[in-house]
Every structure is written in C-alpha cells, then in structure tokens.
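Here is a friendly note to read beside the model. Keep the sequence and the 3D view open as you go.

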Amino acid sequence: MKKLHRALERDLDELLAAIRSGGAVAESLRQARGGIQKHYRAEEIFLEKLGMYDPRLATKISAQHAEVLEIAAGAEEAISAGQASDMVSLARRFQALAQHNIIEEERDVFPLADRCFTSAEQQKLERALSENA
Ligand SMILES: [Fe+2]
C-alpha cells in the first residue's frame with residue numbers, strides 16, 4: 001500500500017514545485033486530485049474494516065479524506081472563477097493536508113492493519129486497492 005502512496009506523493013511534489021515556481025498549478029492540481037480521489041475511494045473498504053478495530057482512527061482518517069476532497073473541489077471552483085490567488089492558496093492546503101494524511105496513515109493506520117488483519121485479509125485488501133487505484 002505504501003507503493004500506492006509513493007505515486008500520489010510524486011503528484012503532490014509536482015504540485016508543490018508548480019506552486020513554488022508559479023508554473024502550471026491548475027494542471028498539476030487536476031492530476032493530483034484525480035489520483036487522490038481514486039485512492040480514497042479504494043481505501044474506503046479498508047477503512048470500513050479498520051473501523052471495527054479502531055473506530056476513532058478510522059473516523060479521523062475518513063474526515064481527513066473528506067476535507068482534502070473538499071479543498072480540492074474549492075480549488076477547482078477557484079480555477080473556473082479565474083481566482084488565481086485563491087486557487088494557489090487552496091492548492092497549498094490541499095497539498096499539505098493530503099501529504100499529512102499519507103504520513104498519518106503510514107504511521108498509525110498501516111501498523112494497526114498489520115496487527116489486526118491476517119495476511120490473507122491484507123492481500124485481499126491490497127488487491128482491491130490496486131485494482132481501484
Ligand atoms: Fe492512503
């Protein structure tokens with residue numbers, strides 16, 4: 001599952017580089033948003049299962065996902081409205097929160113999954129995640 005995160009991080013790094021250089025922020029944002037949307041959808045099954053072991057953590061991660069997607073939608077609206085400075089500040093928040101979410105998942109969620117799920121369950125979940133990624 002960490003492999004899937006590395007691909008998202010490449011998009012997020014590109015977005016950050018675009019923000020810093022004043023480059024193609026809208027394009028980088030769309031690319032990163034697309035990957036993130038798919039990834040979060042795929043992770044839903046995983047979080048549902050995790051919620052049986054640690055509902056508070058699963059809820060926190062789901063709420064982070066919802067917030068990242070909401071910020072991305074706001075950034076997209078700013079692009080449509082031609083509000084460049086709003087778009088850049090929303091893109092920054094999107095990038096920071098999406099990266100933070102990846103770090104929290106790898107620190108708190110994956111180790112818990114390793115303890116709670118059997119290796120057969122893990123494999124099944126990983127397959128489902130890769131198929132939807
Ligand atoms: Fe994730």
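The points below look at the nonpolar cores and at one pair of helices.

1. A word on the source: this is a predicted model, where local features need pLDDT of at least 70, side-chain atom pairs count only at pLDDT 80 or more, and totals for chains, interfaces and linings use all residues. Residues are numbered from 1 along each chain as its sequence is written.

2. Start with the largest nonpolar core, which has 20 residues. Such a core is a set of buried Ala, Val, Leu, Ile, Met, Phe, Trp, Tyr and Cys residues joined through C-beta atoms within 7 Å; buried means that 20 or more other C-beta atoms, placed from the backbone, lie within 10 Å of a residue's own. Ala75, Leu90, Ala91 and Phe94 have the most contacts inside this core.

3. Which helices supply the core? At least two residues each come from α1 (2-21), α2 (25-50), α3 (55-80) and α4 (84-116), and α4 gives the largest share, six residues. Helices here are DSSP runs (H or I, at least four residues), numbered from the N terminus.

4. Another core, of five residues, lies apart from the largest one and includes Leu50, Ile61, Val109 and Ala113.

5. Now find α2 and α3, whose axes (lines fitted to C-alpha atoms over the stretch in contact, with angles from 0 to 180 degrees between N-to-C directions) come within 10 Å and cross at roughly 160°. The two helices are therefore roughly antiparallel, a term for angles over 145 degrees.

Conventions
Buried ≥ 20, exposed ≤ 12 C-beta atoms within 10 Å, placed from the backbone. Parallel < 35°, antiparallel > 145°, perpendicular 65-115°, else oblique.
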